[in-house]
Amino acid sequence: MARQASSDLANSSVQDSMNLLSRPQEIPFIDVGAQRQRLGKSLDAALARVLSHNQFINGPEVAQLEAALAAFCGARHVVTCSSGTDALLMVLMAKGLARGDAVLCPSFTFCATGEAVALTGATPVFVDVDERSFNMDVASLKRGVATARRLGLTPKAVIVVDLFGQSADHDAIAAVAEGEGMFVLDDAAQGFGASYKGRRLGSFGLATATSFFPAKPLGCFGDGGAVFTDDDELAAMLRSIRVHGQGSDKYDNIRVGLTARLDTIQAAILLEKLKIFEDEIVARNAVAERYAGGLGNIVAVPRLASGCTSVWAQYTIRLQEGTDRAGFAAALKAQGIPTAIYYPKSMHQQIAYRDFPVAEGGLTVSERLSDTVISLPIHAYLDEDTQDHIIEAVRGAVSV
Ligand SMILES: Cc1ncc(COP(=O)(O)O)c(C=O)c1O
C-alpha cells in the first residue's frame with residue numbers, strides 16, 4: 001500500500017506529509033492520522049468537554065495538563081504556553097536578558113533557539129556540535145565563552161538543544177555553565193520524553209522549554225509549548241509574563257509580557273495524547289533500532305551517547321561528503337518515501353543570523369552536517385514491512 005511512487009511528493013514539506021490522509025498510498029513522514037485513529041473517541045470526547053464548558057482560555061484542562069506533565073517528567077512547575085519559541089523567550093525575558101549579554105547556543109538547530117535570544121536584544125553566540133550525537137560540543141562551548149568575552153559581551157546563559165530527540169550531555173554542559181556563572185536553558189522542543197542518566201528531560205538546568213507543534217513527538221493540533229522548572233520564583237514570573245506581565249490580575253501590569261497562553265482545546269488534546277506517549281516512545285525506539293540494524297553498515301546512522309535516550313523526533317542519517325543528496329532524495333521519492341533535510345543551513349549561515357558571532361575555531365561540523373544529513377520517516381505507527389521497504393530503498397540509493 002504505502003509503496004507507490006508519487007511525483008508530487010517531490011519537495012513536500014513535513015506539513016504536507018503530515019496531511020496525507022487523502023493520499024493514503026504514500027508513506028507519511030509523520031503519521032498524525034494513524035495516531036488520531038488510535039485515539040478515536042477519546043479525542044472527540046475531550047473536545048466535546050471543552051465545547052460544553054466553553055472556557056477556551058485557561059479552562060480546567062490547562063491546569064490538569066500542567067499537573068500531568070509535571071508527574072511525567074518530575075519537574076516541580078510546568079507553565080504551558082503558546083509555542084516552543086515563546087517558552088524559550090519567556091525564560092530569557094524572566095531572567096532579564098538584554099543587550100550586552102551573550103547566550104551560547106548550537107548553530108545546528110532549528111532557528112527558534114537563537115531567535116529567542118535575538119528577540120531579547122542579547123547576542124546569540126553560536127557554537128559547534130558533535131558529529132555523532134548532533135548535540136552541543138563542549139569544547140566549542142568553552143571557546144564560545146572566550147569569544148563572547150573577547151567581544152566585550154557578558155556570557156549569561158547556555159541554551160542546550162536535545163536535537164532530533166536525543167538528550168544532550170547535560171552534566172558536561174552544566175559543569176561548563178557553572179564554572180562560567182551562566183544558567184542553562186534546555187531546548188527540549190524535540191527531546192521531551194527522552195532521558196539523561198535515567199532522569200527524564202524537564203529537570204536539567206534552570207528551566208526546560210518544549211514545543212507541542214503537531215510534528216513533535218508529543219504534539220497538539222496547532223501551536224503550543226511549555227516551560228518546566230524547579231525554581232518557584234521563575235515559575236511565578238513565567239505565569240505573569242504569559243499574560244501580559246500581570247500582577248494581582250490581568251489589568252495590573254507589573255512587567256512587560258506577552259499573550260502566550262496554551263489554548264484549552266490544545267491542553268485537552270494533549271491530555272489524551274500524553275496517555276499513549278510512553279507507548280509511542282517505545283514504538284519509535286523499535287523503529288530506530290531496526291533502521292540502525294538495516295542501515296548501520298552502509299550509511300552513518302545516529303548513535304545514542306552514553307547515558308542518553310532519544311524520542312526520535314527525527315531519524316537523521318549522514319551521507320558521505322560529496323554524495324548527490326538531491327539524487328538520493330529523488331531515488332527515495334520515486335519509491336514513495338519522503339525525506340527531509342534538517343537543517344540545510346546552520347543558524348550562522350542564515351541571512352538573519354550570519355552577523356552574530358561564532359565560537360573561535362569555526363563551526364566546521366555544523367557546516368558539514370548541513371551538507372550531508374537527511375532524515376527518514378519515523379513515527380510510532382510505521383509498520384515493519386514499510387520499515388523494510390525504506391531500508392531496502394536507502395541501501396539501493398546509496399550503492400548507486
Ligand atoms: C529545537 C527547537 N527549538 C524550538 C522550536 C520552536 O518550537 P515552536 O515551533 O513550537 O515555536 C522548535 C520547533 O520546531 C525546535 O525544533
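Helices (H or I, at least four residues) and strands (E, at least two) are taken here as DSSP runs, numbered from the N terminus. The structure is a predicted model, in which local features need pLDDT of at least 70 and side-chain atom pairs count only at pLDDT 80 or more, whereas totals for chains, interfaces and linings use all residues. Residues are numbered from 1 along each chain as its sequence is written, and side-chain values use heavy atoms, with hydrogens and water left out.

The shell around the ligand holds 14 residues, of which Gly84, Thr85, Asp187, Ser211 and Lys216 come nearest; a residue is near a molecule or strand if one of its heavy atoms lies within 4 Å of it. Helices α4 (84–94) and α5 (112–120) each supply at least two residues of this shell. By residue type, the shell divides into four nonpolar, eight polar and two charged residues, where Ala, Val, Leu, Ile, Met, Phe, Trp, Tyr, Cys and Pro count as nonpolar, Asp, Glu, Lys and Arg as charged, and the others, Gly among them, as polar.

A backbone N or O atom of Gly84 lies 2.8 Å from an oxygen atom of the ligand, and an N or O atom in the side chain of Asp187 is 2.7 Å from a nitrogen atom of the ligand. In the side chain of Lys216, an N or O atom is 2.6 Å from an oxygen atom of the ligand. Of the 390 Å² of accessible area that the ligand has on its own, the protein covers 92%; accessible areas come from the Shrake-Rupley method with a 1.4 Å probe, and for residues only the protein chains shown count as cover.

Asp187 also belongs to strand β5 (residues 183–187), which is largely enclosed by the rest of the structure because five of its five residues are buried; buried means under 20% relative accessible area, exposed over 50%, and partly exposed in between (1.4 Å probe, protein chains only). In a regular strand the side chains alternate between the two faces of the sheet. In β5 both faces are covered, with Phe183, Leu185 and Asp187 buried on one side and Val184 and Asp186 buried on the other.

Strand β5 pairs with strand β4 (residues 154–161) in the parallel sense over five bridges, and Asp186 in β5 is the bridge partner of Val160. Two strands are said to pair if DSSP finds at least two bridges between them. From β4 the chain crosses through helix α7 (residues 170–180) to β5, and this β-α-β crossover is right-handed, a term that applies if, with the strands pointing away from the viewer, the path from the first strand over the helix to the second runs clockwise.

Strand β8 (residues 207–211) runs parallel to β5 and is joined to it by three bridges, with Thr208 in β8 as the bridge partner of Asp186. Five of the five residues of β8 are buried: Ala207, Ala209 and Ser211 point one way from the strand, and Thr208 and Thr210 point the other way. With strand β9 (residues 225–229), β8 pairs in the antiparallel sense over five bridges, and Ala226 in β9 is the bridge partner of Thr210.

The loops remain to be considered. Ser167, in the loop between β4 and α7, counts as buried at 1% relative accessibility. Although Ser167 and Tyr196 are 29 residues apart in sequence, their C-alpha atoms are 6.0 Å apart in space.

His348 lies in the loop between α10 (325–333) and α11 (364–372) and, at 12% relative accessibility, counts as buried. The side chain of His348 makes a polar contact with the side chain of Ser107 at 2.6 Å; a polar contact is a pair of N or O atoms within 3.5 Å, and within protein one must be able to donate a hydrogen and the other to accept it, while residues adjacent in sequence count only if both atoms are side-chain atoms. Tyr343 has its place in the loop between α10 and α11, and a cis peptide bond with omega of about 10° joins Tyr342 and Tyr343.

His244 is not a glycine, yet it has a positive phi of about 60°; this residue sits in the loop between α8 (232–241) and α9 (264–295) and is partly exposed, with a relative accessible area of 38%. Trp312, likewise not a glycine, has a positive phi of about 50°, and its place is in the loop between α9 and β10 (315–318), where Trp312 is buried with a relative accessible area of 7%.
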